[in-house]
Amino acid sequence: MVQKHTEGLQTWCGTNPELIPLERVTDLLLVEGLSDLQQKQHDFIQIETTNGLRNISKKISLEKLFLPLSKLSRPPRVSMTIGVAGIGKSTLVKLFVHAWAKREISKKFTFVLPLTFRELNAYEKLSAEKLVRLAAPHLMDLSLLPVSSARVLLILDGLDEFKTLLDFSNAAVCTDPQKEIQVDNLLTNIIRGHLLQKMSIWITSRPTATSQIPGGLVDRLTEMQGFGETEIKNYLGHMFGENQSLADGVMQHLKSNKSLYALCTVPAFCCICGSSMGYFLTSAADRPPETSAIPKTLSEIYSYYLKILLCTDWQGKQKEVLRIEPMVNNGKKMMNGLGRLAFYSLIKRKYMFVEQDMKAYGVDLSSLHFSLSSRVLLKEETPFSSIYYFSHLTFQEYLAATYYYSVAKRALFDLFVESGMSWPKLGFVNHVKNAIQRSLQSEDGHLDIFIRFLVGLLSSPVNKVLSDWFLVRDEHHSYQSHVVGLFQNFLAVDQVVSCRTVNLVRCLHELQYTEIAANIEEAMKTENLAGMLTPMNCSALAYVLQTSEACVEEANLSNCLTYHILQSLLSQLLYCRSLRLDCNQLKDRDMDLLSSMLSVKDCQIQRISLAENQIGTKGAKALAKSLKVNRSLLALDLRSNAIGPNGAKALADALKNNQHLLSLNLQSNMIKDKGAAGLAEVLASNQTLTTLHIQKNEVGPQGSKQLAEALKRNWGLKDLNLSGNCVGDLGAAALAEGLRLNHTLLTLDLQSNSVSDTGVTALTRALCCNQGLTSLNLRENSISQEGAQAIAHALRTNCTLKNLDLAANLLHDEGIHAIAQALKENQALTSLHLQWNFIQAKAAKALNLALQCNRSLTILDLQENAIGDEGTVALASALRVNSTLEALYLQVAAIGVSGATALAEALVVNKNLAILDLRGNSIGLMGAKAMAHSLKVNSTLRRLNLQENSLGMDGAICIATALTGRHNLTYINLLGNKIGESGAKVISEAIRAKTPSCVVEI
């Protein structure tokens, strides 16, 4: 008997090719609970809202599904696996049963008893023993079943298809396995453990049905993941067989449509969409180009799919024009019956039918076309009757929409009242309005996709597909504007963005009316959303956030939000990767909203910027609370707020738990030494944070000392910005001690910190032994020649520092001379900024000698230093032989004709310099001529800035003439040279004639 049971199970599984053990099927996701979105919204709405992103929960293999998670835990008694319609839950069950029957998996179970809720729909009453016998008909003697041990697995597949809701609150307790009771009552007693207590139970369901079972009764909840990109590609490849070019074409078009591509994570929809796209691409050659727009809406996809079902094997006849005319007459009657069945069953949330239902709605089973019976309306035999169901929930919704569309044109009463007894509703548009109202009243959105299909039937592409068949050619034109007006009116009234209102915008998309969404998307990209966010536009914005890849990558909502708008958009922002909420006057109560969003387990936000708002200590504490549980956020920018020392301390405390945040920017927040101390405390333990910006925060020597102590124990921080504080020499000395031990910090910014020679001497001593720092910013301090000597000494020893900024100090020629001497030996530094350092020709000559030897420096900044022509000639001499310098900045350096001429002559032979900035000098016409001559020869210069150089019209013409041939410049600036508007236009056009991509500022 046991052998017969095993053989029976293999027969029950069938020979479905889908039983290939795919990783997607065999690896489930362990989930802790379901979101409101999963429990209350249509499957497609769930996928569209989340952009089809795959859950990042921990995986569990199918073979370990019923085992303890650890040595200390127990195996689950009741397990539940969820997944949207068409994801493959029944396939998963069959795969498991098939593998168990072959003794390949879960060998601890002596018996596996699979049942579907569809089968149970045929019974009104059952006992526990009869239920077991249903699953194991070959076991004549039930005593063989070890029901008193945990070695039997009862599988209940498809809770969402059960005809009765499970009522755990009012179900009577039953402990007698032989007593026949209502099937729903029986199931509640089994799940509670009153019956078949020792059996393991495995239930599968769509997410929306899981709320029937109290969470405390489910020991293990798993989710079935959809297709990833590779699996979609493989699925299409399998679908189209050897026609790989067609599979690639379908994949390409799907990836260009974010919404359809997201839905293709569901295998059943991937089949429908792939078939429709393949049909379209195959038959496109037979249509005029103007009628060959790629399908981009659900309505188009399903209309093409319906056409396929009523045709011959289109894949086998790719060159043949498909003929469906002979089926039109019979098809209309047949589709009307199926549509009526689909519509009234959808209203009643009924998805399983018996022959009595079919007859009641005029569906003649004997005349049902084979392709329809096998692909649309599926049949399953039970002991008492045959059960019918549509191949996918969405196809039932589509057929319901086609029925409603055709009947609404002549109906006098409310079609949602099946008896016909209702207030009169005259006219097609009124019936559409009624349908929209009904869908908005549905809390779980079970009519959302139906409405989308209904409106989609009014679009031109769908009319072309179905015209002269189910639709009258061009009849949609008389309805479109009225229906668009309906949707706009509904959107204008609702102040709260919800899945319902976003679906209304999606309906407009089905209608090919994209103006509202397109305007919002453009405004977001150009940062012009201020004043635009009316209720209608808020829903359009939510739609854009779901459909635009660019906006999902970075949603820029700066300077446009209020508390109420933020509140209404909150659930739509969860799945953006980057959020910019700058300059919105957001306050502490707004942070409570953001905190709730960041605390949601499905949050996908990786970067959030809240710069220049009005966030105080309370707001920072709210954000800190969310950081303790958030696992997605990588970067938090709170520049220019007022979180204060206590706010910084709260965020720091959160980072003791959070090991995901990589970057924290607290610039200009008045955190002072106390806040810095809090951050220092967490740096001693948090090794994840890599970037900490606390510039302009009144951090003094004491705070700097504590940060320095933290650096001695921290190996994760890479970038520390302390610019604009009060670090001073004491703080600099403390940081130097930290750098002696820390070799992982890469960037230290001490700009504008009152650091003098004493402080810089301590830092440079540390640099002599530090082997990690690559960038040091000492701009705008009080470093003189003495400090420059210390820097020079460090440069001779240090071999890791690459960027050194000494701009706006007091180095003078003597200090630069010392540094230049060191550059002859240093072969690590790549960028040196010496702007505003009172440098003259003597220092430039020293740099000339250094550049002739140095082989590492690529950027040299000497702006705002009066090096004059003499110094420029010296630098030009170095350019003749230097082979590494790529950028030279000589803005306002008192350069005249001779200096410009020397530079021009050097450019003739130099093969490396890409950027030359000569703004604010006086090279004049003669200098322009010299530059023009060099530009005819030089092939490496990319950016040239000659702004405000007294070139005049003649000088500019010389430059333009030199560039009329092919050149490699991508940018040239000739502003402020008294050229005139007309001359500027001619010159600009001449320069761009051969290189249109060149940016000309003139």
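The entries below record what I looked up.

**Entry 1. Conventions.** I worked on a predicted model, in which local features need pLDDT of at least 70 and side-chain atom pairs count only at pLDDT 80 or more, while totals for chains, interfaces and linings use all residues. Residues are numbered from 1 along each chain as its sequence is written, and side-chain values use heavy atoms, with hydrogens and water left out.

**Entry 2. The whole chain.** I noted 41 helices and 28 strands; these are DSSP runs numbered from the N terminus, helices being H or I of at least four residues and strands E of at least two. The C-alpha atoms fill a box of roughly 105 × 70 × 55 Å along the principal axes. Of the 1002 residues, 58% count as buried, that is, under 20% relative accessible area, against over 50% for exposed and partly exposed in between (1.4 Å probe, protein chains only). I found that residues 24 or more positions apart account for 80% of the contacts with a separation of 6 or more, a contact being heavy atoms within 4.5 Å. I recorded 98 positive and 91 negative side chains, with the centres of the two sets 3 Å apart. Lys and Arg count as positive and Asp and Glu as negative; His and the chain ends are not counted. The place of a charge is NZ of Lys, CZ of Arg, CG of Asp or CD of Glu.

**Entry 3. Strand E6.** I examined strand E6 (residues 152–157), where six of six residues are buried. Val152, Leu154 and Leu156 point one way, and Leu153, Ile155 and Asp157 the other. In a regular strand the side chains alternate between the two faces of the sheet. Which strands pair with E6? Strands count as paired if DSSP finds at least two bridges between them. Asp157 has Thr116 as a bridge partner and also stands opposite Thr204 in E8.

**Entry 4. Strand E9.** Strand E1 (residues 27–30) pairs with E9 in the antiparallel sense over two bridges, with Leu30 partnering Thr222. Strand E3 (residues 78–82) pairs with E9 in the parallel sense over four bridges, and Ile82 stands opposite Glu223.

**Entry 5. Helix H26.** I found eight of the 11 residues of helix H26 (residues 563–573) buried, among them Tyr563, Leu566 and Leu570. Their cover includes helix H4 (43–49), helix H22 (499–510) and strand E13 (578–580).

**Entry 6. Aromatic pairs.** I counted 29 aromatic pairs. Rings of Phe, Tyr and Trp (its six-membered ring) pair if their centres lie within 6.5 Å; planes under 30 degrees apart count as stacked, over 60 as edge-to-face and the rest as tilted. Phe353 and Phe390 form an edge-to-face pair, at 5.7 Å centre to centre and 80° between the planes. This pair links distant parts of the chain, 37 residues apart: Phe353 lies in the loop between helix H14 (328–347) and helix H15 (355–360), and Phe390 in strand E11 (residues 386–390). Phe353 is buried at 1% relative accessible area, and Phe390 is buried at 5%.
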